[in-house]
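Open the model in your viewer and keep the selection panel handy. We will go from stop to stop, picking residues as we go.

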Amino acid sequence: MKVTLKDGSCKEYSEAKSIYDIALDISENLARVACAGEVDGKIKDLRSIIDSDCSLNIITTSDEEGLRVIRHTASHVMAQAVQNLFPEAKIAIGPAIDDGFYYDFDFRPFSREDLDKIESEMKKIIKKGNRLTRFTLPKDEAIKLMKDKDEPYKVELIEDLEDGEEISFYDQGDFVDLCAGPHLMNTKNVKAFKLISSSMAYWRGDENKARLQRIYGTAFYKKDDLKEYLQQLEEAKKRDHNKLGREMELFTTVDVVGQGLPLILPKGTKMIMKLQRWIEDLEDKEWGYVRTKTPYMAKSDLYKISGHWDHYRDGMFILGDEENDEEVLALRPMTCPFQYYVYKNSQKSYRELPYRMSETSTLFRKEESGEMHGLTRVREFTISEGHLVIRPDQAKEELKGCLDLAYYVFTTLGLEDDITFRLSKWDPNNREKYLGDEEYWEGTQDALRQVLKEKGVTYTEAEGEAAFYGPKIDIQAKNVYGKEDTMITIQLDCEIAEKFDMYYIDQNGDKKRPYIIHRTSLGCYERTLAWLIEHYAGLFPTWLCPEQVRVLPISEKYEEYANSVKKKLLQNDIDVEVDNRSEKIGYKIRAARLDRVPYMLVVGAQEEQDGTVSVRSRYAGDEGVKALDTFIDEISKEIRTKQIRKIEVTQDEKK
């Protein structure tokens with residue numbers, strides 16, 4: 001057989017060989033760092049036997065896939081350590097993930113002390129250096145093995161597999177686990193790891209199933225890489241909006257209110273109000289939108305027409321009971337079907353299209369308990385939602401316009417370097433999930449693909465991420481921990497107008513079906529606030545700050561002047577407070593810095609006499625004495641233009 005390697009060279013063998021043996025034949029050093037093999041484009045375990053011509057790439061510790069193999073093996077070592085320490089713990093699933101690994105256990109909650117004990121036990125297992133041996137069993141024997149080991153979650157997983165499917169296990173001495181692999185050859189090759197945290201998780205992500213305990217960890221080939229990651233993680237924790245946003249009193253949560261229902265506090269509310277007013281003026285005055293206001297709920301009849309009742313009912317909050325002949329209402333998960341009736345309120349001519357509707361929409365979605373987090377995934381949220389009713393010939397330009405608006409918004413917020421683009425497509429193997437046929441989906445997906453290409457946007461494609469009625473351009477961003485969220489969607493829908501009998505009159509007087517573009521310009525205000533908190537570490541651009549200026553009188557003798565400064569700033573729409581506490585000026589300055597206030601105006605006898613202010617900023621430190629009117633002109637321009645000032649002084653200078 002002939003094996004073609006990544007560099008184009010070939011190896012010929014007269015007998016079948018494992019991938020590991022081929023790596024060893026190439027180089028002992030290569031075999032030492034080998035983690036898996038890519039055979040004809042598919043990742044295979046090192047133990048896999050090659051017995052025919054193929055292309056082979058040896059996956060090593062320096063490859064991303066190699067890192068996943070290391071982490072997957074680390075998850076098995078962790079599961080073994082848990083069962084060594086806590087034999088009553090039942091194991092569920094334990095995959096590698098983008099930044100590490102996890103394993104779920106049916107057990108009590110784990111403390112940090114427990115995690116430290118598990119780490120110590122893992123080190124013992126690794127030091128012992130057991131080989132990982134792969135073996136397979138027929139389904140009935142696999143079920144018996146896991147029943148004998150009293151592992152009910154593994155039994156359930158096996159029972160769900162197709163009859164005749166190969167069922168593989170990995171044995172690492174005193175521990176055997178159901179797993180498809182791939183894995184390292186020996187536990188000794190897990191060289192650098194750390195258990196990060198633990199949390200509750202539902203079995204198979206279903207809140208109606210068992211509550212499990214999930215341990216998160218990470219692993220690297222080199223200790224220096226682990227050290228660097230842990231340092232980054234500490235920095236991420238400082239920026240985590242769920243921590244920092246609470247410390248800054250932007251939002252909070254209360255158990256008796258409910259999970260996924262954050263209370264936006266006055267400072268956070270002011271920030272969202274600024275964003276909302278900006279977006280509404282931008283859409284209405286510059287981008288040609290009309291504004292609507294529609295109900296928060298509707299009868300089930302509306303959602304049955306739109307298809308949400310069939311395709312999205314599990315994600316909706318439903319009021320009433322059909323079985324008892326009650327009127328059934330549902331809180332809206334999106335605004336589109338409401339706005340269709342705004343469009344239908346009067347007959348439209350082809351000259352009136354595009355008809356762009358926008359609404360600051362409060363929506364409700366029944367998120368799973370385990371999925372909710374801070375402000376990024378909640379059950380009630382508000383978005384800058386819009387629907388464009390267009391002629392088919394307007395689709396390309398209007399889609400481009402939606403992209404341009406979204407990019408303008410991100411650029412203004414200083415977030416443009418954080419975003420990536422994704423074309424979210426249907427899954428042709430799950431057709432019952434979607435409206436329309438294959439021709440419809442291929443056509444609409446290609447239309448979005450062409451728009452992205454013509455705009456010169458780099459993008460990825462993701463199957464199965466489309467809405468049930470059409471494909472999407474998703475604009476994505478990662479949080480401080482690397483988890484990706486969708487910030488904005490732009491969707492093309494060529495089917496729904498038929499369901500709602502929407503039409504326009506063309507130039508010949510005939511009725512024609514329009515297309516619909518579903519889009520957001522900013523997305524979810526709560527999620528955007530979370531993104532801004534993490535991106536700026538709370539040091540927001542001045543225009544967005546809930547408190548833009550703090551006036552600091554040197555003593556109580558100058559409170560009257562400080563209050564007159566405040567009054568004039570308020571008259572110029574500048575958010576300002578006065579610190580009238582009986583504290584030394586140094587203390588007041590430090591407090592303002594800790595509160596991340598952009599500007600501090602120190603006032604005393606000389607400032608009162610001259611009508612000036614002594615300006616300190618987080619951008620340039622001491623900016624000197626300025627006439628009050630001069631300062632107002634400067635900050636007003638900064639706010640009006642939404643300028644993002646660079647910090648010019650070091651942290652040491654600030655202190």
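This tour of a predicted model visits the cores, the cysteines and a surface patch.

**Stop 1: the largest nonpolar core.** Select L413, F540, V549, V551 and L569. Among the 72 residues of the largest nonpolar core, these five touch the most other members. Now colour helix α13, residues 395-413. This helix gives the core its largest share, nine residues.

**Stop 2: around L569.** Which residues does L569 touch, leaving out those up to four places away in sequence? Show V549, V551, I574, V576, L601, F631 and I632 to see the set.

Stop 3: Next, pick C35, A36, V77 and F110. They are among the 31 residues of another core, which lies apart from the largest one.

Stop 4: How many disulfides does the model have? The count is zero. A disulfide needs two cysteine sulfur atoms within 2.5 Å. For C402, the closest cysteine sulfur is in C494, 14 Å away, so the gap is too far for a bond. Starting from C494, the closest one is in C402, again at 14 Å and too far. C402 is buried, at 3% relative accessibility. C494 is partly exposed, at 22%.

**Stop 5: a surface patch.** Finish on the outside. Select V254, V256, V257 and L263. Together they form a nonpolar surface patch with about 320 Å² of accessible area. Zoom in on V257, in the loop between β16 (251-252) and β17 (263-264). V257 has 39% relative accessibility, so it counts as partly exposed.

Terms used
Residues numbered from 1 in each chain as written. Predicted model: local features only at pLDDT ≥ 70, side-chain atom pairs only at ≥ 80, totals over all residues. Heavy atoms only, no water. Patch = residues over 30% accessible without salt bridge, like charges linked within 9 Å, V, L, I, M, F, W, Y side chains within 5 Å. Areas by Shrake-Rupley, 256 points an atom, 1.4 Å probe, with all protein chains shown as cover. Salt bridge = Lys/Arg side-chain N within 4 Å of Asp/Glu carboxyl O. Helix = DSSP H or I, 4+ residues; strand = E, 2+ residues; numbered from the N terminus. Buried < 20%, exposed > 50% of the residue type's maximum accessible area, 1.4 Å probe, protein only. Core = buried A, V, L, I, M, F, W, Y, C linked by side-chain atoms within 4.5 Å. Contact = heavy atoms within 4.5 Å.
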